[in-house]
Amino acid sequence: MDFNLKKRARHDVKIEVISLEAKYPQNVMLYHYPPTEDVHIDEFEELALERLRLLRVFDRATTKGLRLLSDDWKEYVNAEMTRDGLRSYMRMGTSGSSTKQESDLQVRRRDYLSHFILRLAYCRSEDLLRWFVAREMEFFKYKFAALSTAEIKQFLQANDFHIHPLTEEQKDEVKDGLYESTVGQSVSKIELLEFYKVPFTQVLDLVRSRRCYLKAGFAYVNTHDLVSIVGARQLDEIERGMQAAKSFIADVEADERISRMIKSLHNSYTGKDYTVCRDASVPIESLDQLSKTSMPLCMRMCHDHIRSQHHIKHGGRMQYGLFLKGIGVTLEDSLRFWREEFTKKMDVDKFARSYEYNIQHNYGKKGSMVNYTPYSCLKIIKEMAAPGDCHGCPYKTLDQPALKAKLSSFGLSPAGIEEVMFFVSRNHYQFACGKYFMLTHNSTLEPTINHPNSYFEESQILMGNRQKRAPGPLQQNNKLRAAIKGGANRSMLNGDDDDELWKIAETQEKVYQSQKGIAEAFDDDLDLTEIME
């Protein structure tokens, strides 16, 4: 048989390459169109965690009661972004930051992609949706406030806002009303400001607070207050986008690579990794003193309970035992500490049979060899302590008289106790802990407490016993990748204990960096067009 081989005609497919500058022309964009590029699963996970850290900065600023866009608010937000390794996002909210450098274009890209990724995680319930929309609007206003007059005009034109600044003649016609309605500006500065004439229904918040001039059904809004108009459009875009995401979330969750992450992202811990202490070794002989000077209330109560009762239930052993590991107590010292206390009520053999294995297991030396992570504040606050337990967050679990008595016994003055109780009564338990830190350390700076080990570390730094280390969000991104890939038995995203050893994390980061941008790993690419449109 004769087979004639015929060559198939080749059709060259031209792929249009759009530059980052064309895709993301400004720091402020309305998040109208879903991104259309492929994203590697590792970067997808990294962006999700990064965005969550960013939004939690604005959440903390809101909880502290700071007025949006005030100088104090901006100072706090910038300081928290710096602390959390988010300086690139901070530049987006700084005047004169809208450049065309490659690094700034990459930040715009990360901002745009991460917003749409978190839509998938926060459209799943009304509470999550409201939290997400509120924080996103705060970030939007943070960025918009940094735009120059020229950038604002460019933004309005690019997004089809059919509003234009008043001409000098138009401005002269209403100048008296502009002088009277523009608060906090001198006449000379008002002369330099540009004003826009819009229907008053578009700026009801400004009308309500009497921050604009009204005439014949129109409001005259200056450049600084223009955010009310564009913010309304952005709010509408996000809310409609969240409803769209909600309609196809079931299809998205069918992808095992991301379903576990988006279901539990909101409860994940995004701070520093305390799995292994590399700063110092803490001898158990110093624990009594450290419990009085450097331990948060939750851990001090566990320590006192062990010393007085010579026993503690499983929840308390996990909470306090992992905390000790995180501050630098070695496995050998930990075994000795628990053995010395427990054997005051039981013989050595019973301790070895019932408790020794669990301690070694927490250090990653037995069983699945998982090096467990100390509990974060989020996890401790969620703990439901039964009668006789001493774990959980005392600011939440203790009734107010008992908590006041406990704080008084630890040396707080009546005035100090009331300061702490102010936050407790509003369910702001972490701020209550921060206030307790200030009062017990005679500090004027209130730390952001999101982990008991962070509390201990800040205390030791303030006392001169340790040096401050730069924040390292890199390890968190590695842990997130490992959790989503299902490479271990415990996931930080599920609010359980960490499953990532330091050496594994560092190795994975090197591999990730070497593979980043390689297009041949088709199986691990997520098509954002498919999951977001």
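# A walk through the model

Start by selecting Glu-341: leaving aside neighbours within four places in sequence, Glu-341 is in contact (heavy atoms within 4.5 Å) with Ile-306, Arg-307 and His-310. Glu-341 sits in helix 18, residues 331–342; helices here are DSSP runs of H or I with at least four residues, numbered from the N terminus. With a relative accessible area of 2%, Glu-341 is buried, where buried means under 20% relative accessible area, exposed over 50% and partly exposed in between, using a 1.4 Å probe and protein chains only.

A word on what is on your screen: this is a predicted model, in which local features need pLDDT of at least 70 and side-chain atom pairs count only at pLDDT 80 or more, while totals for chains, interfaces and linings use all residues. Residues are numbered from 1 along each chain as its sequence is written, and side-chain values use heavy atoms, with hydrogens and water left out.

Select Cys-298, Cys-377, Cys-393 and Cys-433, where UniProt, in an unreviewed entry, places the feature "binding site". UniProt positions are given in the numbering used here, feature names are shortened, and such annotations may be inferred rather than shown by experiment.

Zoom in on Cys-298, in helix 16 (residues 297–309). Cys-298 is buried at 10% relative accessibility, and, not counting residues up to four places away in sequence, touches Gln-319, Gly-392, Pro-394 and Pro-452.

Then move to Cys-433 in helix 24, residues 429–441. Cys-433 is buried too, with a relative accessible area of 9%. Beyond its neighbours within four places in sequence, Cys-433 is in contact with Pro-296, Tyr-395, Ile-449 and Tyr-455.

**On to a helix pair.** Show helix 2 (residues 41–63) and helix 3 (residues 71–83), which pack at an angle of about 145° with their axes 10 Å apart. Axes are lines fitted to C-alpha atoms, for helices over the stretch in contact, and angles run from 0 to 180 degrees between N-to-C directions. Display side chains at the contact: Leu-54, Val-57, Phe-58, Arg-60 and Ala-61 in helix 2 meet Trp-73, Tyr-76, Val-77, Glu-80, Met-81 and Arg-83 in helix 3.

**Last stop: helix 5.** Select residues 102–122, which make up helix 5. Of its 21 residues, 18 are buried, so helix 5 is largely enclosed by the rest of the structure.

Notes:
Helix = DSSP H or I, 4+ residues; strand = E, 2+ residues; numbered from the N terminus. Expected span 1.5 Å × (residues − 1).
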